[in-house]
Amino acid sequence: MYATTMSSAVSSSDEQAALRGQCTVFLTGHGPVSAAGLLASIPPDTAVDRYGEGGVVAELEAEIAERLGKPAAAFLPSGTMAQQSVLRVHADRRQRQTVVFHPMCHLHRHEGQAFQRLHGLTGRPAGDADRLMSIDDLTPIAEPPAALLIELPQRDLGGQQPDWPDLLAQAEWARGRGAAVHLDGARLWESAAGYGKPLREIAALFDSVYVSFYKGIGALAGCCVAGSADILAEVREWRHRMGGTLFGLWPNAASALSCLRRRLPLMPEYLSHARGIAATLRDLAGVRVVPDPPQVPMMHLLLSTTQERFAAAARRLATERRIWTWPTAAPTGDPAVQRVELSVGDATRTLSPAQIGEIIATLLA
C-alpha cells in the first residue's frame, strides 16, 4: 500500500517541475510545455506586426474570421480582456448592463469580478452550478439583458454541452429580448468535434465568438474575438484602452496559426480516443466518468480515494515509472471522492485505453 501522509505528496511547484521534468510518459493533453516546443511553433519566416497591424496577426485574424464565417476578427493577448471588451461593446450598444451566464462562468469565478468593477456590468447566473444551463432556466428571466453568454463546452462540468435544439432555443430567447448572444468558445475546437458540425454552423448562432489558442491546440497565450466589423472595431479600441495592443503580437499569433492548422484536423480523433478511454474506465471499480460518454475530447473522472492517497500514488508513478498524471486532485463534497480532468491530446493518443485504465487503477491502489 502506498504511503498516505501529506509528506509523500508533491509539496511545491519546484518539486512538481522537477518530477515532471524526469517523466517520459504524459497522460493528459499534448504533454509537457517547454520553451523549445513553443518556440518551434513560430516559423522563422514569420512576418511581424506593428501594434497589432499587419504581418502574421492580420493573417491569423483573416483565417479565424473565415473559419468562423464572421466578417472580422481581432487578436488579443488574453481571454479575460477579450470577453470583457466584447461584452462591454454589447452592453453599451443596448444601454443595458446585465449579462446572463451559467454559475460556473469564467467571468464570474476567475476574473475578480472585473466585468463589474471595470465595466459596470451586472452578472446574472442562470441555472444550477452542477448541471448545464437550459432554456428552462432562461424563460423565467424578465429583466432585459445586454447579452447571453454561453460556454461551449462547459469545462467545469467535464466538457458537457447542451443538445443542439436547446442551444438554438437559448440563442432565440436572447435575440427575442434584444440581447446579444456571445460564445465563450475557449474550447470551440473541441466543441465542434462533439457536435459533429462545422465551426461556421455553430458560430452562426452567436453575435460574437471568443476562441482561445493555448488550450485545446496548445499554442502560446492569446485569443481572437470574431463578429461583425463594427463590433470588432470597438473591441480593438477596448484592447488599446486595456493595454493589450502590444508593440509586437507576432510570436503568439504565429504560434496560434501553426498549432491551429496542425491540431484542428485531429479533434475528431481526440474525441474518438476519449470515448475509447471512457469505455475502458467504465468497468473500473472506483471510477466514474463525467459525462459518460464524453461529449468532447475531455472528461472529468470521479475517483474513490482521498487527497493524500491520490497524491502519494501520483508521486510514485512519477518517480518509479516516469509517468506524469496529475500532482493533485480537486476535492469534492465527499472527502473520499476526488476529481481530475482528463483532456485528450497528442500525449494521450500515444497511450491505449487499456494502458490508461492501468494507470488510473494504480492511482486508486
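Predicted model: local features only at pLDDT ≥ 70, side-chain atom pairs only at ≥ 80, totals over all residues.
Biologist: Why are helix 3 and helix 12 called oblique to each other?

Modeller: Helix 3, residues 55-68, and helix 12, residues 250-263, pack at an angle of about 40°, with their axes 8 Å apart. Angles under 35 degrees count as roughly parallel and those from 65 to 115 as roughly perpendicular, and therefore helix 3 and helix 12 are oblique to each other. The crossing in which helix 3 passes helix 12 is left-handed.

Biologist: Which residues in helix 3 and helix 12 meet?

Modeller: Helix 3 brings Val56, Val57, Glu59, Leu60, Glu63, Ile64 and Arg67, and these meet Trp250, Ala253, Ala254, Ala256, Leu257, Leu260 and Arg261 in helix 12. Divided by class, the residues of this contact between helix 3 and helix 12 are ten nonpolar, no polar and four charged.

Biologist: What makes helix 14 and helix 16 oblique to each other?

Modeller: Helix 14, residues 307-321, packs with helix 16, residues 353-363, at an angle of about 125°, and their axes are 8 Å apart. The roughly perpendicular range is 65 to 115 degrees and roughly antiparallel applies over 145, and therefore helix 14 and helix 16 are oblique to each other. In helix 14, Phe310, Ala313, Ala314, Leu317 and Arg321 meet Glu358, Ile359, Thr362 and Leu363 in helix 16. The contact of helix 14 with helix 16 has six nonpolar, one polar and two charged residues.

Biologist: At what angle do the axes of helix 9 and helix 13 cross, and what orientation does that make?

Modeller: The axes of helix 9, residues 188-195, and helix 13, residues 267-281, cross at roughly 70° and come within 9 Å. Because the range 65 to 115 counts as roughly perpendicular, helix 9 is roughly perpendicular to helix 13. Helix 9 passes helix 13 in a right-handed crossing. Trp189, Glu190, Ala193 and Gly194 in helix 9 meet Met267, Pro268 and Leu271 in helix 13, and by class this contact of helix 9 with helix 13 has five nonpolar, one polar and one charged residues.

Biologist: How many cavities of 30 Å³ or more does the structure hold, and which residues line the largest cavity?

Modeller: The structure holds one cavity of 30 Å³ or more, and the largest cavity has a volume of about 80 Å³. The largest cavity is lined by His102, Cys105, Leu132, Met133, Leu149, Ile150, Glu151, Gln154, Pro162 and Gln170. Strand 5, residues 147-151, gives the most to this lining, with three residues. By class, the lining of the largest cavity has six nonpolar, three polar and one charged residues.

Biologist: How much space lies in the second largest pocket, and which residues are the closest to its centre?

Modeller: The second largest pocket holds about 310 Å³ of space. Of its 23 lining residues, His106, Arg155, Ala186, Arg187 and Lys215 are the closest to the centre of the second largest pocket. Helix 4 (79-94), helix 5 (106-110) and strand 7 (208-212) are the elements that give two or more residues to that lining, and the largest share, three residues, comes from helix 4. By class, the lining of the second largest pocket has eight nonpolar, eight polar and seven charged residues.

Biologist: Which peptide bonds to proline 291 and proline 293 are cis, and where do these prolines lie?

Modeller: The peptide bond from valine 290 to proline 291 is cis, with omega near -10°, and the peptide bond from aspartate 292 to proline 293 is cis, with omega near 0°. Proline 291 has its place in the loop between strand 9 (287-290) and strand 10 (298-304), and proline 293 lies in the loop between strand 9 and strand 10.

Biologist: What is the phi of tyrosine 51, and where is its place?

Modeller: Although tyrosine 51 is not a glycine, its phi is positive, at about 50°. Tyrosine 51 is placed in the loop between helix 2 (35-40) and helix 3.

Notes:
Residues numbered from 1 in each chain as written. Heavy atoms only, no water. Axes fitted to C-alpha atoms, helices over the stretch in contact; angles between N-to-C directions. Helix = DSSP H or I, 4+ residues; strand = E, 2+ residues; numbered from the N terminus. Left-handed = near helix turned anticlockwise from the far one by under 90°. Contact = heavy atoms within 4.5 Å. Nonpolar A, V, L, I, M, F, W, Y, C, P; charged D, E, K, R; others polar. 1 Å grid on protein atoms, 1.4 Å probe; cavity = no way out; pocket = protein on both sides within 12 Å on 5 of 7 lines; lining within 4 Å. Points joined across faces, edges and corners; volume = space filled by probe spheres on them.
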